[in-house]
Amino acid sequence: MTNLERQHQLTKELKIRAKKEGFDLVGIARVPGSSRLKLRNQALQRWLEKGKHGSMKWMEAPRRQDISTLLDGVQSLLAVGLNYYVEKEHSKNGLSIARYAWGRDYHKIIEKRLKKIGKWLEIERPNCQWRVCVDSSPLLDKAWAEEAGIGWIGKHSNLINQKIGSWFVIGHLLCTEALTPDKPSEPVCGQCQKCIQACPTKAISEPFVVDSNNCLAYHTIENKSETLPKKIANSMNGWIIGCDICQNICPWNIEAMSNNDPEVQPQEWILNITKEEVFSWNDEDWKNRLKGSALKRIKPWMWRRNVDSASTKANLKKK
């Protein structure tokens with residue numbers, strides 16, 4: 001078997017392994033990637049220079065624009081997507097939490113599964129080095145997922161896949177092995193601007209550009225101020241953690257496929273959260289409920305602030 005044949009075979013087996021771990025989308029990219037990566041880096045730099053990242057200073061890390069700083073000798077990247085959509089909805093009490101956080105902490109789910117794949121890769125290629133990256137790592141993760149062919153970056157800045165829409169979280173396994181790359185995804189948003197038109201705060205300032213300073217998700221999750229801006233509070237319409245408005249309206253999500261994976265199934269309290277509960281739970285109550293959830297980084301006082309802000313309008317609309 002030639003080196004190229006061994007490369008193809010390893011790539012095929014790696015993808016099979018990733019599918020067995022429960023990932024819905026799997027793709028391979030080669031480092032340094034196509035010329036599109038350079039354009040994505042330039043777009044990120046413009047976004048940062050205009051201050052559209054708000055207080056998220058970690059986005060400024062130079063390492064984010066150079067994958068070689070994350071793993072010495074990196075040659076390839078396995079990109080994976082985990083569908084988190086389930087056919088359930090919030091109760092009609094007027095408070096909503098973004099779908100990505102309904103189940104167990106996706107960081108831990110993805111990291112655990114990718115580590116299994118990395119250890120398998122070690123057995124197949126004893127000299128291989130690897131590293132797992134989820135969105136908490138300084139990697140231009142959406143751009144690399146696009147490069148690996150698992151989805152394109154939509155006008156709302158979320159990844160979209162033609163088969164499962166945009167209801168998925170991503171992870172990456174960097175490695176020093178040469179793997180056979182997939183064809184990068186091509187944008188298929190066309191002339192559609194529904195996500196731009198639907199945003200209540202006009203946070204999507206132009207196609208593919210989200211201004212965090214006007215984003216409900218940013219303010220309910222990242223903003224550490226005691227109070228939220230009046231413009232945000234008046235536009236929340238019950239969204240207390242995150243926001244799914246731009247995804248709910250996306251045509252690619254019309255036929256979303258529900259995932260039966262146990263780890264993405266929603267906790268009932270998240271679907272039925274009430275204002276009374278938010279203000280009656282003490283810190284220990286919150287600690288117990290947020291255990292194993294991506295929501296644990298949002299402190300109890302922030303929950304109370306968000307609910308209080310979302311309730312400034314007496315007539316919360318039902319979604």
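**Exercise 1.** Locate N83 and decide: is N83 buried or exposed?

*Solution.* Step 1: N83 belongs to strand β2, residues 76–83 (strands are DSSP runs of E with at least two residues, numbered from the N terminus). Step 2: the structure is a predicted model, in which local features need pLDDT of at least 70, side-chain atom pairs count only at pLDDT 80 or more, and totals for chains, interfaces and linings use all residues. Residues are numbered from 1 along each chain as its sequence is written, and side-chain values use heavy atoms, with hydrogens and water left out. Step 3: N83 counts as buried because its relative accessibility is 4% (buried means under 20% relative accessible area, exposed over 50%, partly exposed in between, with a 1.4 Å probe and protein chains only).

**Exercise 2.** Find which backbone oxygen lies 2.7 Å from a polar atom of the N83 side chain.

*Solution.* Step 1: the oxygen is that of M257. Step 2: M257 is also among the residues that N83 touches, as are D24 and W167 (contact means heavy atoms within 4.5 Å).

Key:
Helix = DSSP H or I, 4+ residues; strand = E, 2+ residues; numbered from the N terminus. Polar contact = N/O pair within 3.5 Å; in protein donor to acceptor, adjacent residues only side chain to side chain. Lists of a residue's contacts leave out its neighbours within four places in sequence.
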